[in-house]
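Here's a walk through one multi-chain model, with the cut-offs spelled out as they come up. Have a look at the structure, then read on.

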Amino acid sequence: MGKYRKKVQVVVLLLALVLGGYAIFQTFTSDDDGLVKVGEQAPQFRLANLQGDPVALQDYIGKPVVINFWGSFCEPCIREMPSFESQYQQWKDQGVELLGINLSEDTIAVSTYVKKQGVNYTILRDVDRKTEKRYGLRSYPTTFFVNRDGTLSSVFVGEMKESQIQEHIAQIVQ
Amino acid sequence: MLLPVNTKCECGHQNAVGTVLCEACGKPLEKELLESNEPLEMRYDGVARRSQKANPDLLDKIWNFFSSVKIAIYMIVLTFIGAMLGTIYPQASSFLSNTFDPSVYYPETYGLPGKIYYFLGLHNTYSSWWFIALLVMIGTSLVICSIDRVLPLYRALNKQQIRKHMSFLKRQKATYSAPLAGDAVEWTTQYGQALRKKGYKVTIDETGTALLAEKNRFSRWGPYINHIGLILVLLVLLARSIPGWNVDQYVSIADGDTVPIADTNYYAKSEGFKVELYDNEELPEELQNSGRVKSYKTDIVLYECTENCHDDFERPALTEVHRHTILVNSPLRYKELKLHQFDFNLTPRINAVSPMIVNLETGESYGPFHLTMVEPELNYEAGPYKLELIGKYMDFSINSQGEPITLSNNPNAPAFIFNIKGPGLADNGEVYMYFPLEKDKVRFSQDVINRELSKKIAIKVEGMENVDYSAATTYLNIRIDKAAKYLWVGAFFCMLGLTMGTYWQHRRIWLRIDDGQLTLGAHTNKNWYGLRADVAFALKRCGIELDPKSLDNGGHKG
Amino acid sequence: MNWLQFSSTSLSAAFFLYLFATVFYMVTLAGKKWSKGDPKQHEARWGKIAFVTSTLGLIAHLLFFFTRWIGSGQIPTSNMYEFVTLLGMTIMIAYTIIFFIYKKALLGMFALPLAIIVIAYASVFPSEVQPLIPALQSNWLKIHVTMAALGEAFFAVGFAAGLMYLLRVIDFKDTSKNGKRAQRWLEFTLISIMIVIGFIIAAFGFKGMGYTATFQQENASVSQVGEITTTTSTVEYTMPPIFKPYNSEAVEVQSFLGIQDGLLETPSWFNGVNSGRKLNTVVWSIIVGLLLYGIVRLIIRKPLGAAIHPALEGIDPDDLDEISYRAIVIGFPVFTLGALIFAMIWAEKAWGRFWGWDPKEVWALVTWLYYSAYLHFRLSRGWHGKPSAWLSVIGFVIVLFTLVGVNLLIAGLHSYAGVN
């Protein structure tokens, strides 16, 4: 090895440090893909609304968006819908959009509930649970609050009280 | 140490600082070593291992740390002790449910020991930072140990002098010394021939009275090839964390369904899952009627999406690319995708019914009409009846407030609410609730709900051929492992190295005849028994008979 | 007589041939003292007779294996009974190979009893041919299991030689602290072997009596979300209940020595439906084993190790050290290939991943790492002799745990032992 000895030592130890450091670092960060993280771009989707027209998240860039995932089989989702409706009415003039993405149920299930609840905000229909998987959903309901630039401001897992919805919307309106 | 050390041997060869035995003639260089009579330490043939130089700086100290065999052993021991700890309780990764909560499970199931186990992070032993750190250190040690040793070894073995120093020969762990009558050159040649018969490569020097016989040098490289293989294996383990290199997911497919395989462009359709049990005649007495499974199989069709793949609005266009019957030991393999049989569920799932509507007053029945569980039509006509679907519950139940709700999105207890118009019914239609499944009719008292209407009409399914259901659901494990093929390369080198190093031994025999005195020394890295046998065999061929054991000079300790 | 019956007879023949071979080895050894002729000749003659007998036994054992294969239509390596008899066979193969290298008949004195104990242990388990469940329907069953067994067999021979070394070298007249400690550990090892024999005696003894006891146990289990559900299950014992299952009621208990209900209750922290039965079995093994040891000790009036020591005086300890090391070195690549590499290839095919940190896989890795540490230890001078011998003994304990302990104590993907 002779005169190359020092160089070899440095290279080998450096490689060990880098690869090893990467490996150990992985142990601290790897949790199975959970929910989309705050600060990341909210994943794109293009889903049908109740009229059958396509609606994409991209359409709302520049506006604050609230995405609420719900299903008619999810009692807390149904319970919180009036709160969302009320908040929607309060904030819509400031440009806040509210999207209620249904968890891949069929037409009649969705329309029955929407009619029953008297909901006026945009209802979208997820297909094959693709969007919910993309957002990393584990339980329902889960609500995502998206900034004007499309990044995620906050996530709330579970049923929301109206005051909580208000707080979170206040964050994204700024 | 600044004093210059004279490293020129009496044979004329200039050795590097730190050399134990002269690289040329093998004479011990250090005074103490020369004067003692102990068998010689033949590691690396006594060549200077540069990691032993004086005044190590920090870099050298770290290098020496990883180069040490003692440290390596500590790391191996710590690793297997750590691995053992991980088997005390089931690891968190063996639970697949989304709702698994380790902070609750371990203390609840195992009490205090479970709590400690969880607290120490042992429920994730094999992905914990300290375990991975140990593997990293072993990997580093593998690299550094090998570099540090293989080069001096190569140098030592490449250029070997034939005529070795007397003390070198006499202090080998197998040695023989005796007066010899007869022609030295002839004897040497004869000895060489005998050894050639045993597969040795024999070189005789110019005088004709000194000999070096060597066999199986390649086996010395065995451990290093093995180490290269292990390093590759560790690198493969590391590579699995590259995004996309290791996909491990589960998908459940009911008979007849086509589902997307997440993170890929593939869709899989199950054309049926079947369990086959052993007949009683195939089973011994103790296992009769035990429900022992003979085979699990799922017929799968694999599709690839060709258009509209990332759009959720448009339906993706699928083309079939592969078909396979998946058995436990026969996964579906297509390009880098693998689908393995993982689990199953024999709960049937109802997909559609084709009922008749019966006019209970006249006894006539009309239909059938086709009612699907998912996305049913909203309007049906059966004879004079017009049915409008105004409500549906996939999994009907009544909540605590007495209101109808659905428990899930699965057709476990489907209920349909129709507004029916027809003979004998009000003009605006009458509301009727229909439960396709018999058990629900009873459970929710369909007739009571429908009150008077249940006496006028009935909706019933005639015969199982009018029921469309999936008999089973199959659970498949989806795997993409781009690093796996490199693992087999690593494993191959590992085995190659182990085999080379274990089943062959590097043997060398040196011999010199000076004025009628024969001096012989021999060395091997393992299996002295066999080496002594070789030496004795050749001696016997040349007329000297002795017990191989008598050649022993401390070699029994190695 | 059909194939299966023939194979059964073959195994019995092998068993008895091994017994005779053991006796002949003892004659080889002891006879040197009271034989009228030349001790060396006596040793050579009887050594040959013993080796021929053990080889005949091995042939019978191979016959058992292959006729069972033909008779059942599947390779006999799929449940505990079949695997352990396979292990007995591979131990004999390993012994025969080592014998051809070193020609040391005396190794048979320990290797054969080891094979005998292994086969006796196998006989405790149900021996009917059990058709292969889907996971085992693969050619890899043939390759992985047989190679792994062969590798482990060499470790077993290494253990036998290591044990012989310790018996040869540990001085029972030594009164120093170290000396006493070494004697105690050696005696402990021998007692452990007695306990294994105790298990076999207890199992066969009570089976012969047709003993059964049944309990109804209430199990509270915690689901993954923390919900608690209770189920009742029936537990059947084949040995008198010293420890009855936790939280259980006796349904029917045959009387034995006045035991009509569980004497004690298995503590609650023992996990699993069968944990009470396993604990009970272990306790009975210990009792019978210690009883057996006590009787032997009373007869010979000295520690067992001290009694065996003189028998080994004729053998050079360095040879034993070499044999032990060589056996392990030969076995290591075989074990690597069979128990790790082929296992990984098969796991990848069947379960989609070549390594999953399943307890059995982990313990195979532990075994591998242990022996690799052993081999590295041997690179340094000071670790030859006694330390090396102890390591070979501990190593075998780890092998046994991997083979038996994991199946019985830890649940996982590998638990298809066919154990009741």
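## A lysine in chain C

C:Lys180 sits in helix H6 of chain C, which covers residues 177-209. Helices here are DSSP runs of H or I with at least four residues, strands are runs of E with at least two, and both are numbered from the N terminus. The model is a predicted one: local features need pLDDT of at least 70 and side-chain atom pairs count only at pLDDT 80 or more, while totals for chains, interfaces and linings use all residues. As for bookkeeping, residues are numbered from 1 along each chain as its sequence is written, chains are lettered from A and ligands numbered from 1 in the order in which they are written, and side-chain values use heavy atoms, with hydrogens and water left out.

Leaving aside residues up to four places away in sequence, C:Lys180 touches C:Asp174 and C:Thr175, where contact means heavy atoms within 4.5 Å. Go 30 residues along the chain to C:Gly210 and the two C-alpha atoms are 44 Å apart.

## Nonpolar cores

The largest nonpolar core holds 163 residues, and C:Tyr95 and C:Ile98 touch the most other members. This core lies between domain 1 (49-156) and domain 3 (246-349 + 473-482) of chain B, because both give residues to it. A core here is a set of buried Ala, Val, Leu, Ile, Met, Phe, Trp, Tyr and Cys residues joined through side-chain atoms within 4.5 Å, and the domain bounds come from an automatic or database domain assignment. A second, separate core has 52 residues, including A:Val65 and B:Tyr393.

Back at C:Tyr95, its contacts beyond four places in sequence include C:Tyr25, C:Phe51, C:Leu107 and C:Val157. In soluble globular proteins, nonpolar side chains tend to be buried together.

## Where B meets C

Of the 2 pairs of chains in contact, B and C share the most contacts. Chain B puts in 64 residues and chain C 61. Together they bury about 5,400 Å², 63% of it on carbon and sulfur atoms; buried area is the accessible area (1.4 Å probe) that two parts lose on being put together, summed over both.

There are 4 salt bridges across this interface, each needing a side-chain nitrogen of Lys or Arg within 4 Å of a carboxyl oxygen of Asp or Glu. One of them pairs B:Arg333 with C:Glu348, with the closest N and O atoms 3.8 Å apart.

## Where B meets A

Here 51 residues of chain B are in contact with 44 of chain A, burying about 3,700 Å² with 60% of it on carbon and sulfur atoms. The salt-bridge rule finds 7 across this interface, among them B:Asp60 with A:Lys6 at 3.7 Å, N to O. On the side of chain B that touches chain A, H5 of chain B gives the most, with 10 residues.

Chain A itself is divided into domain 1 (1-30) and domain 2 (46-173), whose centres, taken over C-alpha atoms, are 48 Å apart. And chains A and C? They do not touch, and their nearest C-alpha atoms are 13 Å apart.

Notes:
Buried means under 20% relative accessible area, exposed over 50%, partly exposed in between (1.4 Å probe, protein chains only).
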